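Visitor: I would like to learn how to read a few features of this model, taking each idea in general before turning to the case at hand.

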Amino acid sequence: MTEDRTDYATAPRPSRPRPAPANAGAGWAIGITAAALAALGLVALPSSSFSLDGLNGTGLLTLLLFAAAVAGWLHPRLDDTHVALAAAATAVLLGALDPDALFATLGAEPIWLLIAAFVLAAGVNTTGLPARLAIGLAARARGPRGLAHLITLGVVLTALLIPSTSGRAALLVPLHRALGTAFEGRPLLVRALALLLPTTVLLSAVATLVGAGAHLITSEILAATTGAGIGFAEWLLWGLPFAVVSSHLAAELVLLLTTDHAERRAPVRVDAAALRAELGVPEQRTRAELRALLLLGGVVLLWSTEPLHGLPPALVALAGALLITSPRIGVVKLGKAVGEIPWSLLLFMAATAALGAALAASGAATWLADLVLDEAEGTALLIAVVVVSTAAHLVVQSRSARSSVLVPLVVAAALESGLNPVALAFASTAAAGFCHTLPSSAKPVAMFSRLDPPLACPPRDLLRLSALLAPLTGALVVVFALVVWPHLGLPLF
């Protein structure tokens with residue numbers, strides 16, 4: 001989901017003003033420059049007559065506006081949603097975006113799909129089913145390697161239950177605390193878990209269409225540009241194998257970086273009863289858990305078999321949300337579930353999807369893609385896109401914002417070079433899921449970095465992991481795009 005700058009620290013803020021972050025000055029400089037250029041364009045460049053190497057006035061103004069929006073997203077003290085909405089409204093005033101197109105994004109199917117998915121997730125979380133799943137898997141471990149890979153499997157499965165990386169991370173923090181207590185005398189293992197959990201949360205999000213808001217933005221931009229987005233079943237078919245492989249490779253890498261040979265060989269015994277008691281999970285499975293599991297399984301099954309019955313995923317999700325909040329068979333009240341929907345995220349998604357569509361429709365995306373990815377074709381273009389997408393989190397922290405910036409350019413470059421735009425956009429989105437370098441790079445990483453020692457994820461461990469995991473993830477995306485995904489119906493050429 002969008003990685004907004006929420007403060008998860010529990011201590012009160014100091015009364016003295018905090019120093020500005022290192023990139024604050026750069027962000028303001030870029031923003032002021034972009035705003036000045038946009039103002040100059042408004043005064044001096046009639047959109048009907050101006051042309052810059054194939055870029056007309058409307059395209060130039062859209063590009064400058066988008067640059068200003070990116071500058072706003074770079075600034076840590078500006079709210080991402082506020083910046084996106086302001087940019088979308090300005091695009092309408094400039095004539096680069098039709099008002100109906102902007103407002104229609106709020107009623108688009110992906111928005112309704114995510115609303116219903118959050119209601120479903122609220123019901124599933126209320127029953128304690130995800131915690132029981134994690135405890136059951138952890139209790140089967142007999143060694144650190146088995147524990148790491150079983151927990152990784154559980155994290156991947158939660159991508160089907162909860163449509164939010166930050167929500168999944170928040171769910172795992174209590175489990176991490178409980179495991180930290182259980183392994184109090186084994187600091188290396190606790191340190192490995194502190195790095196493993198946020199890492200696998202971020203990498204496994206690509207498993208489903210609703211795993212992150214960036215995925216829905218990618219699908220929306222593809223639909224606006226090429227006439228067809230990516231359905232839930234298609235995304236699951238392509239994303240789940242990559243999520244499983246990348247997450248388990250990351251688990252093995254975390255073990256090698258944070259534990260020694262003696263620690264990896266030491267036996268592990270997880271007391272499931274003690275974990276259930278600490279997390280407040282009943283010993284016996286409840287009827288509410290069973291109902292939630294059956295209902296969620298039915299929804300995922302209908303999502304995955306959309307070509308057979310033709311029911312839109314959003315309609316299926318809405319029916320599931322109504323059932324899980326119904327008086328007799330439901331497990332949560334509708335008002336409580338709706339209260340947990342991140343409405344700011346939905347507004348952000350709608351605004352950025354509209355901006356992406358404006359960038360493509362104005363011709364600015366094609367012009368910029370030709371400028372940035374000039375001369376790159378075929379496999380070279382794929383590698384360039386993957387490298388840029390993997391490194392983009394160092395500049396734009398929001399995952400959704402990265403997709404809104406990158407996907408229009410990637411689609412335009414694919415169309416220009418004769419590649420499959422869906423395959424290249426999917427590869428870009430999968431690569432952009434890597435965002436582990438700094439504690440501020442993603443909300444799950446920030447959550448685990450701000451825990452009290454020894455439960456916290458040290459920044460030096462993040463840097464060591466990212467130095468190896470970034471090229472590994474990028475190479476894996478390239479391999480999947482060239483070898484695996486074509487066999488699953490997603491050819492690049």
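**A patch, a helix pair and a salt bridge**

Guide: Leu315 is found in helix 16, where helices (H or I, at least four residues) are DSSP runs numbered from the N terminus. This is a predicted model, in which local features need pLDDT of at least 70 and side-chain atom pairs count only at pLDDT 80 or more, while totals for chains, interfaces and linings use all residues. Residues are numbered from 1 along each chain as its sequence is written, and side-chain values use heavy atoms, with hydrogens and water left out.

Visitor: Which residues form a nonpolar patch on the surface?

Guide: Patches take residues with over 30% relative accessible area (Shrake-Rupley method, 1.4 Å probe, only the protein chains shown counting as cover) and no salt bridge, nonpolar side chains (Val, Leu, Ile, Met, Phe, Trp, Tyr) being joined within 5 Å and like charges within 9 Å. Here Trp112, Leu311, Leu315, Leu318 and Leu322 form such a patch, with about 470 Å² of accessible area together, and helix 16 (residues 313–324) gives the most to it, with three residues.

Visitor: Which residues in helix 4 meet helix 18?

Guide: Contact means heavy atoms within 4.5 Å; by that criterion Leu102, Thr105 and Leu106 in helix 4 meet Leu347, Ala350 and Ala354 in helix 18.

Visitor: How many salt bridges does a search of the whole structure find?

Guide: A salt bridge is a side-chain nitrogen of Lys or Arg within 4 Å of a carboxyl oxygen of Asp or Glu, and the search finds five. One of them joins the side chains of Glu252 and Arg145 (2.6 Å, N to O), linking distant parts of the chain, with Glu252 in helix 11 (residues 232–258) and Arg145 in helix 7 (residues 144–158), 107 residues apart.

Note on methods:
Helices (H or I, at least four residues) and strands (E, at least two) are DSSP runs, numbered from the N terminus.
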